[in-house]
Amino acid sequence: MTLLEAILLTVITASTPLVIAAIGELVVERAGVVNLGVEGMMIMGAACGFAAAIMTGSTFIGVLAGVGAGVAMSLIFALLALGLAANQIASGLALTIFGLGLSGLVGASFIGAKREAMPKLDVPVLTDLPFVGPVVFGQDPFVYISVLLVVSVWWFLTRTRAGLVLRACGENHTSAHALGYRVLRIRLFAVMFGGGCAGLAGAYLSLAYTPFWSPGMTAGRGWIALAIVVFASWLPWRLLMGAYLFGGITILQLHAQGMGVRIPSQLLSALPYLVTIVALVVISRRRSGWNAAPGALGKPFSRDY
Amino acid sequence: MDQAVGSAGSTPLVAMHAIVKTFGDLVANDCVDLDIREGETHALLGENGAGKSTLVKILYGLLQPTSGRILWRGAPVSLPDPKAARRLGIGMVFQHFSLFDAMTVAENIALALDDARAVNDVADRVVEVSRSYGLPLEPGREVWTLSVGERQRIEIVRCLMQNPRLLVLDEPTSVLTPQETGVLFETLGRIRAEGRSILYISHKLEEVRTLCERATILRHGKVIAACDPRTQTAAALARMMVGADVGAARKAAGALDGPVRLAVRGLSLPAPDDHGVALREVRLEVRAGEILGVAGVAGNGQGELFNALSGETPAPDAAAVVMDGVEVGRAGPNARRALGGAFVPEERLGHGTAPGMTLTDNAILTGHATHGLVRRGFIDRAAAQAFVDRIVAAFDVRKGARDPAARTLSGGNLQKFVVGREMLGDPGVLVVAQPTWGVDAGAAQIIRQALVDRALAGGAVVVISQDLDELFEIADRICVMFNGALSAPAPADGLSREAVGLLMGGHGESNARETQPCAS
């Protein structure tokens, strides 16, 4: 295996949880809701997914448990931010803090436990192709699921009526309500989808990426996912690009540190974040006329006005 | 005046019986009866806060009545949501459009259609329907790129695509230019010729008199009268609506020889963004005691002119704008306020006031520079409240709580508050944009009179308005804004509407650009 192959493989695995978590949050934000609890939902997905997999011995049940934990966490957020029209920023932050704490409790007795990582796909012939084989056809199922998710979300948002209605709720909830759409119900589904995706991304971390549990193992990936949504200006295909750019730089700076590049490692570690800032500036300078953000983003909706 | 409810001959298309709607202690509709016959154009008249919007929202299923019945062709129906209303054949054109700015015309229309059709099919139908009613629309354009008139077309076309029996229009002309209004009336004529009923809500009494066969007049949530508006004078209708006589504002008749208080000298500004208009060599002079009216079709640079006068957009050089002899072209709004300037922008919510903030907070936002509401960096709450109380008393602002959030006030009352806030300090230079936009007759009269009084007291007043009636009523001189340039002002007496109309269309100018597409 060449170095380039190795780098590409690690880039893809590092980017996958970002893609999954970010595409969920993208749907949430296109519906007009900001859920800053991605990190909390993700780590609960990691803890519950790992715990369930250890107890049942089934990776599949572990994944389901991770998704379920993410959805359950998102329902707490939905109760606060949608049901009670509480401030979405505060509710999301609270959810993250809550998730980080609760996951420590759930995972406490599983520290030190080890599982086999989820097996990589092995397609006869194709996987044996030089270079293309291991990179494109030798990944774990999550990688394909993440790309499939992005394509489905793109198709859903731009090609289906339900997607149109969801975007309408995010654009102008007062108008959507005036046309007779159930804004809160639609947003609830979006928030649950976002929770499920965050849980799935968490389960990927503890079941495939690094197959063990350690507290705080999401290490800020939930926040990066949030940044990627803005970076992508709420467009699915650009989100895929952004997540891979992010994952790529994370891995490259690791390799650079390993090769003894004479730049302080702290600076290299900060590189992905610097790149995000630069990219955000470039994008916002190029855009003129109107803001790409959904019009009703972050505004609570209640039926009374 | 016939008070009879229902018609003797046939069953009305829709009849609302004894509708009561309460919000807490407030009775918005108090036992209201309204019936609309097949094929008639029915006017619903009333001041802001009279309960028109509430009644119409109940008819469209957006609100549920506290009590009362709705009959559709004689059979009782319940309207739990707008879908139910649309299924019966009720279409609604909202006053504040229910459009999605970042979406295309076709997407906006698809959202209002209850059968799940592909957006592409909708686009074809949109072209077809909009052509047949003389309302051209490009389905692929995004809404934020369109003019107000074009946006209204979207609302109307999306109602028509559902083949409604009853079309409800809430203040449709309050945002339109005279030309656009003409197009709308042609369209309404076609709709009526197809035998559809129209419920027409408006403050503009002349429109109601030319358009409608019957009128129901609401005041304080009750039906005051039902009549044939064609047999009434506008004054009589206004009297029924307001409950008191409404007179025209007395015009300032003094000679225009006072000192120049506001001057703009050859001001040119580039367009602020892709959708803005560049100001081209704008010149104007307003003397003490004068009201200068600026007419023009929306989007010809009026907003940019207002921002340049208020200081929101600084001029390239200080001498371009002069207030009372002081060059203020580079000064910001607060500096200009400190020199006796006052500014009322077109948009009440969002520009004139911060919607979620209380009236005292909003008063402080502009009044801190001039009314002593801030002492040593701290806000003087008592002074701010007293300031608001004075505005409320002077301009008859009606509100529930003592210090409510700005957005809870009705349009007319909020406008009175904004005008009052700016005028209470007796400003030497007053610039107002669309002062009576969407404001009921009573409030509009109070505001116009206040503008005239300010001029009589020696102020220089600039009124930017699309309402020609208003300009001819109060302005001493009128000029027209077209494509970023201002025509030479002419005395309002002896000026014909035709002449102003031609200037508004860009005639009399060599490089007239294409005006908005109008129906032929």
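**Salt bridges in chain B: close-up views**

**View 1. A buried pair, Arg214(B) and Glu40(B).** Arg214(B) is buried, and Glu40(B) is buried too. The model is predicted. These two residues form a salt bridge, with 3.0 Å between the closest N and O atoms. The pair links distant parts of the chain, 174 residues apart. Arg214(B) sits in strand 9 (residues 214–219). Glu40(B) sits in the loop between strand 2 (26–36) and strand 3 (41–45).

**View 2. A strand-to-loop pair, Arg261(B) and Asp324(B).** The closest N and O atoms of this salt bridge are 3.0 Å apart. Arg261(B) lies in strand 11 (residues 260–269), and Asp324(B) in the loop between strand 14 (321–323) and strand 15 (326–327), so the pair ties together parts 63 residues apart in sequence. Arg261(B) counts as partly exposed, at 21% relative accessibility. Asp324(B) is partly exposed as well, with a relative accessible area of 36%.

View 3. Arg381(B) is partly exposed, because its relative accessibility is 45% and the exposed class begins over 50%.

**All chains.** The count over all chains comes to 25 salt bridges.

Key: Residues are numbered from 1 along each chain as its sequence is written. Chains are lettered from A and ligands numbered from 1 in the order in which they are written. This is a predicted model: local features need pLDDT of at least 70, side-chain atom pairs count only at pLDDT 80 or more; totals for chains, interfaces and linings use all residues. Side-chain values use heavy atoms; hydrogens and water are left out. A salt bridge is a side-chain nitrogen of Lys or Arg within 4 Å of a carboxyl oxygen of Asp or Glu. Helices (H or I, at least four residues) and strands (E, at least two) are DSSP runs, numbered from the N terminus. Buried means under 20% relative accessible area, exposed over 50%, partly exposed in between (1.4 Å probe, protein chains only).
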